[in-house]
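The following exercises are to be worked with the sequence and the coordinates at hand. Each task is followed by a solution in steps.

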Amino acid sequence: MGKCIIAILILTSMRSLSYAEKPTHFDYAQKECGSYCYKLLKPMLEHIGTMQQYSKTCNTSQVGNIQDRLNHLEGQMVTQQEKAGSCLTAIEEIKCNLVDQEKLINIHKKSVSKPFQKIGSNYYYIEKNTHMNWFAAAHKCTDYGGHLLSLDNEEEWSALKPHLDFSKSFYWVDINDLAKEGQYISLTTGRPAQYIPWKPNEPNNVGGEHCARLENNKQFPLNDLRCYDMAFFICESFNK
């Protein structure tokens, strides 16, 4: 019985070094401990072989799963690189457009069109004969190479007041809340207006009033009106 146990231990060690069964192990077992020992040893050896084969299969499966995950990650990286390339192309196009716009603005700044006159430190055109709605006035200022008046501060307003005749009409400026109710934006900059001297109880948005105009030469001259109402307008040159 002792020899049988020794044979089991020897064969178990030898089986752990190989995945394939070797007939010489069984011959050795039969020789050392006879048929009884061999019958006792054989199921154990077969179980060891089965477990080793199962381990080999599991390792192969795990390697395959890892490879699949790597392939998936690689595919994601390729997709992200393609998207990044598209974004870079779009950014370059935007940069080119901004450069073109800057060139146009610089052209406007260098050449002050004929209708503009210098008042204070800026150049303006004050329409005193033709009434237009707010949209038409904005287009007309663009045709002149400028934009609707964008008031920056009280000093600019004080310089303009002596040149305006409110007995005949009012004057459109570039302030509006067309994009979002109550958020008054400068059409020129696309940002919140810097200087908004509203009249008392204004703006009130009565009847869909979204565009601003100057209505008197006092400290608080601004009122909101319907954009399709008619009024004079003031254009400001890009040239400062």
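Which exposed residues does the face of α3 turned away from its buried side carry? In this predicted model, that face carries His139 and Asp143, both of them exposed.

**Exercise 1. The two sides of helix α3**

Task: Identify the buried residues of α3, account for their arrangement, and state what covers them.

Solution. 

Step 1. Helix α3 spans residues 134-143, and its buried residues are Trp134, Ala137, Ala138 and Cys141.

Step 2. Viewed down the axis of α3, the buried residues fall within an arc of 100°, so they line one face of the helix.

Step 3. The ends of the helix remain to be described. Just after α3, glycine 145 adopts a positive phi of about 90°.

**Exercise 2. Strand β4 and its partners**

Task: Determine how many residues of β4 are buried, and with which strands β4 pairs.

Solution. 

Step 1. Burial is counted as a relative accessible area under 20%. Six of the six residues of β4 are buried, so the strand is largely enclosed by the rest of the structure.

Step 2. Take β6 next: β4 and β6 run antiparallel and are joined by three bridges. Within this pairing, asparagine 176 has cysteine 211 of β6 as its bridge partner.

Step 3. The pairing of β4 with β8 is parallel and comprises two bridges. Here tyrosine 171 has phenylalanine 232 of β8 as its bridge partner.

Step 4. Strand β5 (residues 185-186) pairs with β4 in the antiparallel sense, over two bridges. Asparagine 176 stands opposite isoleucine 185 in β5, while cysteine 211 is its partner in β6.

**Exercise 3. The surroundings of tryptophan 172**

Task: Is tryptophan 172 buried or exposed, and which backbone oxygen does its side chain reach?

Solution. 

Step 1. Tryptophan 172 belongs to strand β4.

Step 2. The relative accessible area of tryptophan 172 is 0%, so the residue is buried.

Step 3. The side chain of tryptophan 172 reaches the backbone oxygen of methionine 132 at a distance of 2.8 Å.

Step 4. Tryptophan 172 and leucine 225 are 53 residues apart in sequence, with a C-alpha to C-alpha distance of 9.5 Å.

**Exercise 4. The salt bridges**

Task: How many salt bridges are there, and which residues are linked in a network?

Solution. 

Step 1. The criterion is a side-chain nitrogen of Lys or Arg within 4 Å of a carboxyl oxygen of Asp or Glu. The count comes to three salt bridges.

Step 2. Glutamate 215 and lysine 199 form one of them, their closest N and O atoms being 3.0 Å apart. This pair links distant parts of the chain, 16 residues apart: glutamate 215 lies in the loop between β6 and β7 (222-225), and lysine 199 in the loop between β5 and β6. Glutamate 215 is buried, at a relative accessible area of 11%, whereas lysine 199 is partly exposed, at 24%.

Step 3. Arginine 213 also forms a salt bridge with glutamate 215, with closest N and O atoms 3.1 Å apart. Arginine 213 is buried, at a relative accessible area of 10%.

Step 4. Lys199, Arg213 and Glu215 are therefore linked in a network of salt bridges, given the 4 Å criterion.

Step 5. Aspartate 229 pairs with arginine 226, the closest N and O atoms of this salt bridge being 3.4 Å apart. Aspartate 229 is buried, with a relative accessible area of 18%; arginine 226 is partly exposed, with 41%.

**Exercise 5. The chain as a whole**

Task: What is the order of elements in the protein chain, and what percentage of its residues count as buried?

Solution. 

Step 1. The protein chain has four helices and eight strands. From the N terminus on, they run α-α-β-β-α-β-α-β-β-β-β-β.

Step 2. Of its 240 residues, 33% count as buried. The accessible surface of the chain is about 15300 Å², and carbon and sulfur atoms account for 56% of that surface.

Step 3. Among contacts with a separation of 6 or more, 66% involve residues 24 or more positions apart.

Notes
Residues are numbered from 1 along each chain as its sequence is written. This is a predicted model: local features need pLDDT of at least 70, side-chain atom pairs count only at pLDDT 80 or more; totals for chains, interfaces and linings use all residues. Side-chain values use heavy atoms; hydrogens and water are left out. Buried means under 20% relative accessible area, exposed over 50%, partly exposed in between (1.4 Å probe, protein chains only). The arc is that of the directions from the helix axis to the C-beta atoms. Contact means heavy atoms within 4.5 Å. Accessible areas come from the Shrake-Rupley method with a 1.4 Å probe; for residues, only the protein chains shown count as cover. Two strands pair if DSSP finds at least two bridges between them. A polar contact is a pair of N or O atoms within 3.5 Å; within protein, one must be able to donate a hydrogen and the other to accept it, and residues adjacent in sequence count only if both atoms are side-chain atoms.
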